[in-house]
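Keep the sequence and the 3D view side by side.

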Amino acid sequence: MAFAATSRRVAELLAIADVRTDGSRPWDIRVHDPRVFDRVLAQGSLGLGEAYMDGWWDSEQLDGFIHHVLAAELDTRIEPWKDALRVLRARLFNLQKPSRAFEIGRRHYDLGNDLFEAMLDRRLIYSCAYWKDAAGLDEAQEAKLDLVCRKLGLRRGMRVLDIGCGWGGTAQFAAERYGVSVVGVTVSAEQAEYGRRLCAGLDVEIRLQDYRDVDGTFDRILSIGMFEHVGVKNYRTFMRVVRRLLADDGLFLLHTIGGNRSQTRTDPWTERYIFPNSMLPSVEQIGAAIEGRFVLEDWHAFGPDYDTTLLCWHRNFEEHWPELSRRYDERFHRMWRYFLLSSAGGFRARKNQVWQIVLSPHGVPGGYGVPR
């Protein structure tokens, strides 16, 4: 009787999102284990993701299913009591303090370069591509990098800091195309080693270092896809560090995923399996962090481009799974597929955004020309 009640409750919720259990449409779900209903009602998004990893349900178009669910705001209708504990934990503790800074590197970015080489573009750029005039992933990522360099007005001889430099692809691009000197910092040992090999012979230094420990003065600073790991308790600190390092006539570009509402935690499934200690900043939180420190020159939003980027990553991942499966098991396969496609669905539903923000210490004299 209890099972029938939970099954009806889940079916009622899914109907709001135009999703059916064992339906025939691509975004409908196929239930393999009826325990999934109790699990989802008890654990929310964590239970949904874990049940998928365990093979309890499937969807032909997983990204479409998530898009329907989030567009109907079903995520706000199931709030397990454990979520309250996560919120309290995030409010009481600084989960991204210096002593924990390298945890995200060990648990995510050090998973294996083979995984990221199979999934990403040829430069290993692990952030949203720019699809305005691009036909493929390599072209779209290069367009994004060039857009960043043009927004910063890079010129030969400038000294540039790349906070969260990844595998060094951005530093390599800027040094080769614009003749600048780059210092890149990352908290991933695998990324640092790879980046040093990639940028050998260029005026590029890749450091395994927390952003709070950087010294010096830079003409330009950029940070692409790293701010999601900073945490709300450290947003002001991050901006203070950037201001300390940036020349008075410099520019700073922040590229980040953003959320529509201010929160102090991330999705519990994402927190446990993909990005520990991460959270998405809101407009209000970023505004509070830059207030009194910077002049806002430009705020560029292109979140839907991440949907396209994630689908490309997923296609690459699945194409290379036969060789990846020699190192990663089937549960990892389902976990990573869920990560990529549920993320795509979230951007398609406009629950998550992508922002490029350009800041200056005192305002650009005569105004800032906005490249697009």
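**A guided walk**

Arg 25 lies in the loop between α1 (2-16) and β1 (29-31). This is a predicted model: local features need pLDDT of at least 70, side-chain atom pairs count only at pLDDT 80 or more, and totals for chains, interfaces and linings use all residues. Residues are numbered from 1 along each chain as its sequence is written, and side-chain values use heavy atoms, with hydrogens and water left out. Helices (H or I, at least four residues) and strands (E, at least two) are DSSP runs, numbered from the N terminus.

Is Arg 25 buried or exposed? Arg 25 has a relative accessible area of 17%, so it counts as buried. The cut-offs are under 20% relative accessible area for buried, over 50% for exposed, and partly exposed in between (1.4 Å probe, protein chains only). Leaving aside neighbours within four places in sequence, Arg 25 is in contact with Asp 18, Val 19 and Arg 20. Contact means heavy atoms within 4.5 Å.

Move on to Trp 57. It sits in strand β2 (residues 57-59). Its relative accessible area is 1%, so Trp 57 is buried. Beyond four places in sequence, its contacts include Ile 29, Arg 30, Val 31 and His 32. Among the others are Phe 65, Arg 334 and Tyr 338. The side chain of Trp 57 also reaches the backbone oxygen of Leu 48 at 3.1 Å. That is a polar contact: a pair of N or O atoms within 3.5 Å; within protein, one must be able to donate a hydrogen and the other to accept it, and residues adjacent in sequence count only if both atoms are side-chain atoms. Trp 57 and Thr 21 are 36 residues apart in sequence, and their C-alpha atoms are 9.5 Å apart in space.

Next comes helix α3 (residues 62-71), which holds Asp 63. With a relative accessible area of 10%, Asp 63 is buried. Not counting residues up to four places away in sequence, Asp 63 touches Leu 311, Leu 341, Ala 344, Gly 345 and Arg 348.

Now turn to helix α15. How does its span compare with 1.5 Å a residue? The 19 residues of α15 (residues 330-348) should span 27 Å, and the end C-alpha atoms are 27 Å apart, which agrees. The expected span of a helix is 1.5 Å times one less than its number of residues. At the start of α15, a side-chain oxygen of Asp 329 comes within 3.3 Å of the backbone nitrogen of Arg 331. After the helix comes Arg 350, with a positive phi near 65°. Of the 19 residues of α15, 16 are buried, so the helix is largely enclosed by the rest of the structure.

Leu 340 belongs to α15. It counts as buried because its relative accessibility is 0%. Setting aside residues up to four places away in sequence, Leu 340 touches Met 119, Leu 310, Trp 313, His 314 and Phe 317. Leu 340 and Ile 221 are 119 residues apart in sequence and 29 Å apart in space, C-alpha to C-alpha.

Look next at the sheet. It is open, with seven strands in the order β5-β4-β3-β6-β7-β9-β8 and mixed pairing. The edge strands, β5 (204-208) and β8 (295-301), each pair on one side only. The twist averages 15° from one strand to the next. Two strands pair if DSSP finds at least two bridges between them. Strands β3 (residues 159-163) and β4 (residues 181-186) pair in the parallel sense over five bridges. Asp 162 has Gly 184 of β4 as its bridge partner. Six of the six residues of β4 are buried. Ser 181, Val 183 and Val 185 point one way from β4; Val 182, Gly 184 and Thr 186 point the other way.

Finish with helix α7. Its 16 residues should span 22 Å at 1.5 Å a residue; the end C-alpha atoms are 23 Å apart, which agrees. Gly 153 follows α7, with a positive phi near 60°. Helix α7 (residues 137-152) packs against helix α8 (residues 169-178) at an angle of about 65°, with axes 10 Å apart. Axes are lines fitted to C-alpha atoms, for helices over the stretch in contact, and angles run from 0 to 180 degrees between N-to-C directions. On the α7 side, the contact includes Leu 145 and Cys 149; on the α8 side, it includes Phe 173 and Tyr 178. Leu 145 and Cys 149 are among the buried residues of α7.
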